[in-house]
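Here's a quick briefing to read with the model open beside you. Have a look at the fold and the charged side chains, then go through the points below.

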Amino acid sequence: MRRLRSALVALALGLVAVPALAVQPDEVLKDPAMEARARHISEGLRCLVCQNQSIDDSDAPLAKDLRVLVRERLKEGDSNEQVVDYVVARYGEFVLLRPVFGWHTLLLWLSPLLAVGLGAFGIWRLSRRRAPKAEGLSEAEAAEVEALLKRP
């Protein structure tokens with residue numbers, strides 16, 4: 001019972017824990033509204049070192065540089081879109097965690113639909129396949145089976 005209680009307390013604490021962000025105190029802007037904008041922008045930018053984390057979640061030096069760059073651009077008066085456009089122009093579209101929808105990314109967006117469609121077509125083809133019809137026994141084979149069944 002004691003172990004169960006300890007496990008439940010640990011689970012509750014794990015669920016309550018706030019995700020740790022890699023933003024350092026020296027990076028945080030004094031204006032809360034501007035800091036919120038910077039965090040919103042940073043959530044959509046990929047760490048080029050970690051690749052599956054936003055720059056807000058990464059401890060990599062390049063992610064720190066990108067966080068500082070975003071905050072500097074905001075201080076200069078850029079809008080959120082201008083900051084993202086600047087970073088994309090400098091590092092390419094790969095820096096976006098959510099790829100843009102365009103002609104050059106059409107295969108990326110349509111490949112899940114294509115895979116599901118091909119899978120459904122394959123299943124449909126397999127279900128339409130007919131089992132070969134069994135041919136009846138010849139007279140000689142039927143007589144042989146009868147003889148085998150009559151054996152003691």
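How many helices and strands are there in the protein chain? The count is six helices and zero strands, and reading from the N terminus the elements go α-α-α-α-α-α. Keep in mind that this is a predicted model.

**Overall picture**

- The protein chain has 152 residues, and 22% of them are buried.
- Take the contacts between residues at least 6 apart in sequence: 52% of them join residues at least 24 apart.

**Salt bridges around Glu 35**

- As a general point, side chains of opposite charge can pair when their charged atoms come close.
- The structure has four salt bridges, and Glu 35 takes part in one with Arg 39 and one with Arg 71.
- For Glu 35 and Arg 39, the closest N and O atoms sit 2.9 Å apart.
- That pair stays inside helix α2, where the two residues are four apart, or about one turn of the helix.
- For Glu 35 and Arg 71, the closest N and O atoms are 2.7 Å apart.
- Since Glu 35 is in helix α2 and Arg 71 is in helix α3 (residues 61-75), this pair ties together parts that are 36 residues apart in sequence.
- Put together, Glu 35, Arg 39 and Arg 71 are linked in a network of salt bridges.
- How covered are these side chains? Glu 35 counts as buried because its relative accessibility is 8%, under the 20% cut-off.
- Arg 71 is buried too, like Glu 35.
- Arg 39 counts as partly exposed, because its relative accessibility of 23% falls between the 20% and 50% limits.

**Another salt bridge**

- Asp 78 forms a salt bridge with Arg 73, and here the closest N and O atoms are 2.8 Å apart.
- Asp 78 and Arg 73 are both buried.

- Ala 38 belongs to helix α2 (residues 32-43), and at 0% relative accessibility it counts as buried.
- Which residues does Ala 38 touch, leaving aside those up to four places away in sequence? They are Leu 29, Val 70, Arg 71 and Leu 74.
- Arg 71 on that list is also the salt-bridge partner of Glu 35.

- Phe 101, Leu 108, Trp 109, Leu 110 and Leu 113 make a nonpolar surface patch of about 550 Å².
- Phe 101 sits in the loop between α4 (80-91) and α5 (106-128).
- Is Phe 101 buried or exposed? Phe 101 counts as exposed, because its relative accessibility is 61% and the cut-off is over 50%.

**Positive patch on the surface**

- Arg 125, Arg 128, Arg 129 and Arg 130 gather in a surface patch of positive charge.
- Arg 130 is found in the loop between α5 and α6 (139-150).
- With a relative accessibility of 72%, Arg 130 counts as exposed.

Technical notes
Residues numbered from 1 in each chain as written. Predicted model: local features only at pLDDT ≥ 70, side-chain atom pairs only at ≥ 80, totals over all residues. Heavy atoms only, no water. Patch = residues over 30% accessible without salt bridge, like charges linked within 9 Å, V, L, I, M, F, W, Y side chains within 5 Å. Areas by Shrake-Rupley, 256 points an atom, 1.4 Å probe, with all protein chains shown as cover. Salt bridge = Lys/Arg side-chain N within 4 Å of Asp/Glu carboxyl O. Buried < 20%, exposed > 50% of the residue type's maximum accessible area, 1.4 Å probe, protein only. Contact = heavy atoms within 4.5 Å. Lys, Arg positive; Asp, Glu negative; His and termini not counted. Charge placed at Lys NZ, Arg CZ, Asp CG, Glu CD.
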